[in-house]
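Please keep the structure in view while reading.

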Amino acid sequence: MVDIIKIKDADNVAVAVHDLPAGTQVLPGVTALQDIPQAHKIALTDIPKGGDVVRYGVTLGYAKDAIPVGSWINEHMLDLPQTPAVDHMEFGTNIVPVEDLPDPTRTTWMGYRNKVGPAGTRNLLGIVTTVQCAAGVVNVAVERIKKELLPKYPNVDGVVAVNHPYGCGVAIKAREAHIPIRAVTNLIRHPNFGGELMVVGLGCEKLTYDMVLPPEDITPDNTLTLQDYPGHDAMMDALLAMADKKLQKLNQRVREELPLSELLIGMQCGGSDAFSGITANPSAGYAADMLVKGGATVMFSEVTEVRDGVHLLAARCRDAAARDKLAAEMRWYDEYLEAGGVDRDANPTPGNKKGGLANIVEKAMGSIAKSGTAPIEEVLSPAEKPTRHGLIYAATPASDIVCGPSQLASGIGLQVFMTGRGTPYGLAAAPVIKVCSRNEMKQHWFDMIDVNAGPIATGEKTIADVGTELFELILDVASGVKEPYSDQYGFHNDICIFNPAPIT
Ligand code: CA
C-alpha cells in the first residue's frame, strides 16, 4: 500500500495518502512521530527553525520552530512567504518544446464550425439580456421556446438565457466598467450560439446596444426592447417570433470533423484539497498538454491561486508581451484585494485547510498543475478572447461562479472542473466535466462526478492514465457524443460576470 506521495526530489515533506498512525514507517529512517491525518504533510528530514518547508519543489513557508523528521506539519507551523514580486520576472526560461508534450490519441473532433473564432461544442440559441430587469421575461420566454418551438428544430441542442447582474444601476463610465461590458459583448458572440444574435433590453438601461454590438448588427432582427411592446402577450409573441427565425438558421448547422485547432476549452478548480495538486489537477494538466500538442487552445485562470507561483508562469511565457501582461494583471489584482483590506491568503477556505492545504502557496502550487507544462502563449484580462492557440492564461477571479462566466466570455466551448470536496457546479452555455481528486469523493457522489483521479493517489493509475481518459472524454463531450452529469441533470449556475466597478 502507498503511504505517502512526494512530488519533487527537492521536497522535504510528503502527503499522507491515508491516515498514518504514530509509529508507521513510511520510508527508511522516516517514521510518523504522531498520528497524521489523510492529505496532511509529514516531514521527510529534520527541518531547522526558519528552514524552508518544500513541496512541489517550492517553499510553502518557513518553519516557526525546528521540525524533527516524521513530524506532522500543519498550517500553524509555517510562516507565509512574502508575495512574490512581479517586477523584472524572467520569461522564457522554462519553455517545454511541443515535441516533448504527450501525443494526443486523436487529432480531430466533431464540432460546429464558426465563421470566426473557435468552433461550437453545442448548437444553442443564446438569448442575452442587456440588463437584469429583462431576466424574468426572458426566462419565461425561454421555457415557452423550449416547449413550443424547439421540437421543430432537431438540430438545435437547446435554448439558453444569458442573464447577468450588470446593465443598469451601475457606474457605466467607471474606470473598470469595460470589464463587465466586455463580458456581455463577448457572451453575445459565444461560439455555441453560432453567430445568431438575440439581444433583449428593457429600454431605459445604461448598457445600450451600441456598447455591446457594432452598428451593423443593431437591427430589429437581432435586438428586442421590452418597453416597445404593449403588454405581456405582444412581448411574448415578439420574443417567440424572433426566436423562431433564429432557430430556423441554427437548425441548418451540422457537426463536421474539425482539427483540434478549432477547439477552445477552459480549466478551473473549486473545493480543492491536498490531493487536488497530486491527482486531479496534474491529470487535467496532462490532458491540457495533449490538447496543446494537437493544436487546441486551453485556458486556465484564477489569479489568487497562481499568485504565489507567478514566477513559474513567467518562466513559461513565450515572450515579453505575455510576461508583461501577466505582471500587469497580478499588480491590478493585488491593488483590487488591497482596496478591500485583504491579500491573496484570503482565498483558502476552511474546507481547503481541513483537506491538508496549509496556506495559499500550497493551494497555488496544486492549482497551477492544471496548466500542464506547455508554454504560455498569451495572457488575457478577464473576458478577453484569445488571439493565439496553445496554452492561455486568463486573469479571472478564482471564484467558481465568476471564473466560469469569464471563461465563457473568452469563448470556451467546454470547461474541465477539478474538485476535492465536491460541487454540483455547471454552465448552461457550455458543458462542464467534473474531475474529483479522491476515491472517497467519487464513492460519495458516484452519479455526479465524471472522472475519478483518486486511483493516482493509491497507485492504481498513473497521471498519464487519468489524463488520457480525461482527454478522450473532453473530445467525446465536445463532439456531442457524451453528456457530463451536470448537463444530464440540468445543474447550471447563474452567469455572475465579474464587475469590479461601482454599483450606484
Ligand atoms: Ca475556482
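Domain bounds come from an automatic or database domain assignment. In this predicted model, local features need pLDDT of at least 70 and side-chain atom pairs count only at pLDDT 80 or more, while totals for chains, interfaces and linings use all residues. Residues are numbered from 1 along each chain as its sequence is written.

The protein chain is divided into domain 1 (4-79), domain 2 (124-250) and domain 3 (264-489). Between the C-alpha centres of domain 2 and domain 3 there are 29 Å. Two residues are in contact if their C-beta atoms, placed from the backbone, lie within 7 Å; by this criterion 12 residues of domain 2 are in contact with 14 residues of domain 3. Helix H2 (178-188), S11 and S12 each supply at least two residues of the side of domain 2 that touches domain 3, and H2 gives the most, with 5 residues. Helices (H or I, at least four residues) and strands (E, at least two) are DSSP runs, numbered from the N terminus.

Now to the sheet. An open sheet is formed by 4 strands in the order S12-S11-S13-S14, with parallel pairing. Strand S12 (158-162) and strand S14 (223-225) stand at the edges with a single partner strand each, so one side of each is left without a neighbour in the sheet. Two strands pair if DSSP finds at least two bridges between them. Strand S11 (residues 124-129) and strand S13 (residues 199-201) run parallel and are joined by 2 bridges; Val128 stands opposite Val199 in S13.
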